[in-house]
Amino acid sequence: STGEAELLEVVAQRMLDDEELWIPRSVADGRGEELTALVSRELLKLRNNGKSLGFHHQTYFDFALARAFSKTPGFSISEHVLNNGHDGLFVRPLLLSVLGYLRGTAQGLYEKEAVELISRSRFHIRQLVIGFVGKQAEPGDAEKAMMMPLLKDDADQGGAIRAITGSFGWARALIEEGELLSQLASGEQESCDRISGFLSYAVTVFPEEVAALIRDHWLPRPELDYLSCWVLRGLPKLDDIASEVTKVLAARVDSTQFSRMVHAISEHSPETLPELIALNLRSAINLAKSESEGNLKEKQEKESGESQYEAATWMGVLDHNSHLKPLENILNSDLYLGVDLGKLAAAAPEPFIDSLWPLYVELLEYIAEGRGEDEAPEYHYRDDSIRGVSDMFHGRESLYHAIRTAVGNLAKSK
């Protein structure tokens with residue numbers, strides 16, 4: 001009723017004036033019927049033996065406050081905030097509730113007040129308004145005009161990007177505008193860091209456009225691979241552009257970054273993942289080979305120059321094959337912690353074997369050769385060991401166990 005609405009506004013205004021969340025019940029004197037109705041509908045509530053009065057929920061207070069404030073002749077939320085200080089208890093709820101109310105009821109006035117607050121307020125009020133504008137799911141043209149300069153300004157850029165992150169409307173606006181994102185993505189590393197959070201959300205709703213942005217601006221800069229992998233972890237699908245980008249990254253990042261990047265892909269496109277894993281594994285094997293050869297060279301130099309080392313080796317104290325550890329670690333470890341290799345092998349056994357079996361055999365043969373084996377490693381099914389390379393397969397997600405799963409599932413399907 002009109003009387004109930006008026007009482008809500010009176011209570012909200014008194015709370016604003018006193019900067020108190022609980023006010024004397026006497027504020028409602030002469031309005032007993034309205035108060036009883038509002039308490040029964042859980043809009044207001046009483047405490048302190050019925051002597052104090054307050055709102056049942058913060059949102060009711062916000063709306064009533066905005067309505068009461070907006071009905072004041074000649075009111076201006078920007079003037080109120082600027083003239084009455086920025087640090088009051090009710091500044092934040094008043095500001096946000098009034099802006100929300102105006103946005104829904106008086107668009108022109110809302111735009112005027114928001115621009116005034118952004119241009120004249122101190123930092124934390126400015127950030128409140130930027131945050132309010134940025135969280136809108138469907139920003140209007142005037143809001144875009146407010147935000148775009150902030151996104152280009154070094155002082156406000158970080159706050160503005162955080163504000164729009166998670167908004168579909170702002171993601172669409174920046175993707176369609178294009179120039180600003182390209183400018184930010186081609187900037188210094190700090191600029192790229194700033195937009196990575198925004199792109200991590202944007203890739204979930206505009207995957208092709210974000211993948212193209214990474215291809216054009218970040219892929220030529222390997223020092224930004226960690227950001228590319230971080231953003232692409234949310235890919236909802238693997239189209240042509242995303243496939244191109246992920247293949248390049250798979251061949252040059254470590255297994256940790258790779259696992260982060262392909263986590264979602266392993267869920268929605270498991271049949272495409274073995275090829276990417278093979279690219280990453282090839283890189284890991286090459287790196288391990290190089291490290292192993294360096295270790296061997298270093299060991300040989302020590303053996304040729306230190307008689308004590310020779311004596312220790314003769315006594316069996318030192319491991320002749322220690323230089324092979326980098327390669328053995330690939331077999332023995334859960335290399336791809338973010339990817340369930342066993343689940344992947346079960347879901348896509350044929351591409352898994354086609355892509356990874358040749359690398360697995362190559363790795364075993366290289367280790368056997370390094371150990372001085374006369375023959376290629378032999379696989380013994382019963383004890384799950386490989387001659388000359390024993391006790392290596394302990395991780396439940398190791399490549400070895402995943403290949404066994406793929407072979408078993410493929411055999412069952414034939």
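Visitor: What share of the contacts with a separation of 6 or more comes from residues 24 or more positions apart?

Guide: In this predicted model, residues 24 or more positions apart account for 69% of the contacts in the protein with a separation of 6 or more.

Visitor: And how many helices and strands does the protein have?

Guide: There are 22 helices and five strands.

Visitor: What percentage of the residues is buried?

Guide: Of the 414 residues in the protein, 47% are buried. The protein exposes about 20800 Å², and carbon and sulfur atoms supply 49% of that area.

Visitor: Let us turn to charges. How many salt bridges does a search of the whole structure find?

Guide: The search finds 16 salt bridges. One of them joins E143 and R103, where the closest N and O atoms are 2.7 Å apart.

Visitor: Where do E143 and R103 sit?

Guide: E143 belongs to helix 8, residues 141-152, and R103 to helix 5, residues 91-105. The two are 40 residues apart, and the pair links distant parts of the chain.

Visitor: Is E143 buried or exposed?

Guide: E143 counts as buried, because its relative accessibility is 1%.

Visitor: What about E362; which residue forms a salt bridge with it?

Guide: K289 is the partner of E362, and the closest N and O atoms are 2.9 Å apart. This pair also links distant parts of the chain: E362 is in helix 21, residues 349-370, while K289 is in helix 17, residues 273-305. They are 73 residues apart.

Visitor: Why does K289 count as buried?

Guide: K289 has a relative accessible area of 17%, and buried means under 20%, so K289 falls within that class. E362, at 22% relative accessibility, counts as partly exposed.

Visitor: Which helix holds both R194 and E190?

Guide: Both lie in helix 12, residues 189-205. They are four residues apart, about one turn of the helix, and their side chains meet in a salt bridge with an N to O distance of 3.3 Å.

Visitor: How accessible are R194 and E190?

Guide: R194 is partly exposed at 28% relative accessibility. E190 is exposed, with a relative accessible area of 54%.

Visitor: Which residues are linked in a network of salt bridges?

Guide: E79, E116 and R120 are linked in such a network.

Visitor: Is E209 buried or partly exposed?

Guide: E209, whose place is in helix 13, is partly exposed at a relative accessible area of 37%.

Visitor: Changing topic, which residues does L276 touch, not counting those up to four places away in sequence?

Guide: L276 touches T246, K247, A250, F258, V262 and I265. L276 is in helix 17 and counts as buried at 2% relative accessibility.

Visitor: Last one: what does W357 touch, not counting residues up to four places away in sequence?

Guide: W357 touches F352 and I403. The place of W357 is in helix 21, the helix that also holds E362.

Visitor: How far is W357 from Y400?

Guide: W357 and Y400 are 9.5 Å apart in space, C-alpha to C-alpha, and 43 residues apart in sequence. W357 itself counts as partly exposed, at 41% relative accessibility.

How values were computed:
Residues are numbered from 1 along each chain as its sequence is written. This is a predicted model: local features need pLDDT of at least 70, side-chain atom pairs count only at pLDDT 80 or more; totals for chains, interfaces and linings use all residues. Side-chain values use heavy atoms; hydrogens and water are left out. Buried means under 20% relative accessible area, exposed over 50%, partly exposed in between (1.4 Å probe, protein chains only). Contact means heavy atoms within 4.5 Å. Accessible areas come from the Shrake-Rupley method with a 1.4 Å probe; for residues, only the protein chains shown count as cover. A salt bridge is a side-chain nitrogen of Lys or Arg within 4 Å of a carboxyl oxygen of Asp or Glu.
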